Amino acid sequence: MFRRVEAPCKRPKTHEDTMTKFILLAVTAASLAAPAFAGDPAAGEDAFKKCKACHSIVAPDGTEIQKGGRTGPNLYGVIGRAVGSEADFASYGESLLALGATGAVWDEASLAAYVADPGAYLKTALADDAAKSKMSFKLAAGGEDVAAYLASVAQ
Ligand code: HEC
């Protein structure tokens, strides 16, 4: 039979121990802060076909990354952009503008949630059951992929 005698760890705390702990903590915190999903930009580019009826993606220098309709705002650089703030788009609805007025900025997670059901998203985000969306389209699945694609084109 084995008897394991464990020597008490009397090693004094070194600077390295503290650094290792610090790095481990930092890594853990970073992974917790990372989005809970990772969209696939290639799948998102494909899914963007569904958005093109109403949205284009045009870079500031005029490059047309996606030719599309004008019913909705240009989505170039939308990730990181304040909600309802595309200067050339004059037909934002009241609710989207109200959300923009709160200082809300699109990130990948919020955009994925929005495109799944814009009306429901605005109702929740504004805590207002009367909130309405002028975007009459719901993306059943793959919002995170479209978000990743939109993030990737404007870099
Ligand atoms: C039938 C037309 C239509 C389709 C299809 C459509 N949208 Fe929209 N979208 C709009 C309109 C109109 C608005 C403005 C909504 C408002 O003001 O309430 C809008 C707004 C948005 C906004 C907010 C932009 C901003 O500047 O704050 C995002 C993001 C967006 N759409 C993403 C998408 C994506 C991604 C798709 C495809 C999955 C899509 N839309 C499909 C019409 C459409």
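# Getting to know the predicted model

Me: Where is alanine 127 found?
Reply: Alanine 127 is found in the loop between helix 5 and helix 6. Helices (H or I, at least four residues) and strands (E, at least two) are DSSP runs, numbered from the N terminus.

Me: What should I know about the model and its numbering?
Reply: This is a predicted model, where local features need pLDDT of at least 70 and side-chain atom pairs count only at pLDDT 80 or more, while totals for chains, interfaces and linings use all residues. Residues are numbered from 1 along each chain as its sequence is written.

Me: Thanks! Back to alanine 127: is it buried or exposed?
Reply: Alanine 127 counts as exposed because it has 7 C-beta neighbours inside 10 Å. A residue is buried if 20 or more other C-beta atoms lie within 10 Å of its own, exposed if 12 or fewer, and partly exposed in between, with C-beta atoms placed from the backbone.

Me: And what phi does alanine 127 have?
Reply: A positive one, about 50 degrees, although alanine 127 is not a glycine. Most residues other than glycine have a negative phi.

Me: Let's zoom out. How many helices and strands are in the chain?
Reply: The protein chain has 6 helices and 2 strands. Starting at the N terminus, the elements run α-α-β-β-α-α-α-α. Of its 155 residues, 25% count as buried.

Me: Which residues of helix 6 are buried?
Reply: Helix 6 (143–153) is mostly covered, with 9 of its 11 residues buried. They are Gly143, Glu144, Asp145, Val146, Ala147, Ala148, Tyr149, Leu150 and Ala151.

Me: What covers them?
Reply: The cover includes helix 2 (41–47) and helix 4.

Me: Which residues of helix 4 are buried, then?
Reply: In helix 4 (residues 108–116), the buried ones are Glu108, Leu111, Ala112, Tyr114 and Val115. Seen down the axis of helix 4, they fall within an arc of 165 degrees, so they line one face of the helix. That arc is the one of the directions from the helix axis to the C-beta atoms. These buried residues pack against helix 5 and helix 6.

Me: At what angle do helix 3 and helix 5 pack?
Reply: Helix 3 (residues 94–101) and helix 5 (residues 118–126) pack at about 40 degrees, with their axes 10 Å apart. The contact is made by Ser95, Leu96, Ala98 and Leu99 of helix 3 and Leu122, Ala125 and Leu126 of helix 5. Two residues are in contact if their C-beta atoms, placed from the backbone, lie within 7 Å. Axes are lines fitted to C-alpha atoms, for helices over the stretch in contact, and angles run from 0 to 180 degrees between N-to-C directions.

Me: New topic: where is phenylalanine 48?
Reply: Phenylalanine 48 sits in the loop between helix 2 and strand 1 (57–58). It counts as buried because it has 21 C-beta neighbours inside 10 Å.

Me: What does phenylalanine 48 touch?
Reply: Not counting residues up to four places away in sequence, phenylalanine 48 touches Gln66, Val146 and Tyr149. Phenylalanine 48 and glycine 142 are 94 residues apart in sequence, and 9.9 Å apart in space, C-alpha to C-alpha.

Me: Last one: is glutamate 64 buried or exposed?
Reply: Glutamate 64 lies in strand 2 (residues 64–66) and counts as exposed, with 11 C-beta neighbours inside 10 Å. Leaving aside neighbours within four places in sequence, glutamate 64 is in contact with Ser56 and Val58.
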